[in-house]
Amino acid sequence: MRHTEFWIRMRHQLGATYAESFARDFVIAELGGRTVCEALAAGMDTKDVWRAVCTALQLPPTVR
């Protein structure tokens with residue numbers, strides 16, 4: 001998944017403003033105790049980051 005697609009999905013699920021805030025501030029254990037932004041900056045695969053977001057937010061399987 002490209003970064004562009006990742007951010008489209010984030011904004012679709014959380015709204016433009018909250019998606020950015022969530023990505024900067026919310027620490028996810030599945031990402032090694034990092035935020036979304038930190039995980040992406042560290043080079044983690046966007047699919048893995050998206051799956052972690054889905055788990056953290058308990059999004060339905062159809063969204064994953």
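**Note on the salt bridges**

1. Start with Glu 20. Its relative accessibility is 28%, so Glu 20 counts as partly exposed. Keep in mind that this is a predicted model.

2. Which residue does Glu 20 meet in a salt bridge? The partner is Arg 11. The N to O distance between their side chains is 2.8 Å. Arg 11 is partly exposed too, with a relative accessible area of 37%.

3. How many salt bridges does the structure hold? The count is 3. Side chains of opposite charge can pair when their charged atoms come close.

4. Another pair sits in helix 1, which covers residues 3–14. Here Arg 9 and Glu 5 form a salt bridge, at 3.0 Å from N to O. Why are they about one helical turn apart? Because they are 4 residues apart in that helix. Glu 5 has 34% relative accessibility and counts as partly exposed. Arg 9, at 25%, is also partly exposed.

5. Now look at helix 4, residues 46–57. It contains both Asp 48 and Arg 51. These two residues are joined by a salt bridge, and their closest N and O atoms are 3.0 Å apart. Their spacing is 3 residues, about one turn of the helix.

6. Is Asp 48 buried or partly exposed? With a relative accessible area of 38%, Asp 48 is partly exposed. Arg 51 is partly exposed as well, and its value is 45%.

Notes
Residues are numbered from 1 along each chain as its sequence is written. This is a predicted model: local features need pLDDT of at least 70, side-chain atom pairs count only at pLDDT 80 or more; totals for chains, interfaces and linings use all residues. Side-chain values use heavy atoms; hydrogens and water are left out. A salt bridge is a side-chain nitrogen of Lys or Arg within 4 Å of a carboxyl oxygen of Asp or Glu. Helices (H or I, at least four residues) and strands (E, at least two) are DSSP runs, numbered from the N terminus. Buried means under 20% relative accessible area, exposed over 50%, partly exposed in between (1.4 Å probe, protein chains only).
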